[in-house]
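Visitor: I'd like a walk through the ring contacts in this one. Can you take my questions as they come?

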Amino acid sequence: VILTVVFFALGAKATDRVIISGLAYEIDKTEKVATLVRQDRELQGDIVVPGSVIYEKVNYPVKLSYAAFGECAEITSVSFQCRAMFLPDYIFSGCYKLRNVELPNDLQIMGNGCFMNCKMISAIKLPSTLYGIGSQCFFGCWSLKDIELPEGMLAVGERGFAFLQIL
């Protein structure tokens, strides 16, 4: 029994859940990364996703996670200072008042439902590095009228642009 307990303790991760500059993170002290986790639905206004955060005098690069801002209906804009080659599934799904989005310059893939039902986005500039858009990525983005797919686009998932007025 003692060996089991010791083994379990050695395999445990050292993580803390914290709020830094109004955003919630899980700090993984072992992997040295700050994962942006599910945010409070009351979050509102302009959001800047930083490239890194400082916690207990240590600088941690920021990593994005599934549905991190999902259903945060009062967010109006978002920009990224972090490097992100992949936007996780449903990261901004249900952000009904989201109007302005500045995507990471190195973005390659947008997961499923990233901007599903973000009804106020009227334009979005996709980076030239983008080559894949997941299923239902822009599903229900009724106001989206200005979008141009990059030349290197290889795949758009099923219903990636369903229920848009421009189609």
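What follows is a short chat about aromatic contacts in this predicted model.

Visitor: How many aromatic pairs does the structure hold?
Guide: Ring centres have to lie within 6.5 Å to pair up. Going by that, the number of aromatic pairs in the structure is five.

Visitor: Is the pair of Phe80 and Phe92 stacked or edge-to-face?
Guide: The ring centres of Phe80 and Phe92 sit 6.2 Å apart, with the planes at 80°. Planes over 60 degrees apart get the second label. So the pair of Phe80 and Phe92 is edge-to-face.

Visitor: How far apart in sequence are the parts that Phe80 and Phe92 tie together?
Guide: Phe80 belongs to strand β7, residues 74–80. Phe92 is in the loop between β8 (86–87) and β9 (100–102), so the parts tied together are apart in sequence by twelve residues.

Visitor: And Phe92, buried or exposed?
Guide: Buried means under 20% relative accessible area. Phe92 comes out at 0%, so Phe92 counts as buried.

Visitor: What kind of aromatic pair do Phe115 and Phe138 form?
Guide: Their centres are 5.6 Å apart, and the angle between the planes is 10°. Planes under 30 degrees apart decide the label here. That makes the pair of Phe115 and Phe138 stacked.

Visitor: Where does Phe138 lie?
Guide: Its partner Phe115 is in the loop between β10 (109–110) and β11 (123–124), 23 residues away. Phe138 itself is in the loop between β12 (132–133) and β13 (146–147).

Visitor: Which residue lies over the face of Trp142?
Guide: A charge counts as over a ring only within 6 Å of the ring centre. At 4.0 Å from the ring centre of Trp142, the residue is Lys119.

How values were computed
Residues numbered from 1 in each chain as written. Predicted model: local features only at pLDDT ≥ 70, side-chain atom pairs only at ≥ 80, totals over all residues. Heavy atoms only, no water. Phe/Tyr/Trp six-rings, centres within 6.5 Å; stacked < 30°, edge-to-face > 60°. Helix = DSSP H or I, 4+ residues; strand = E, 2+ residues; numbered from the N terminus. Buried < 20%, exposed > 50% of the residue type's maximum accessible area, 1.4 Å probe, protein only. Lys NZ or Arg CZ within 6 Å of the ring centre and 35° of its normal.
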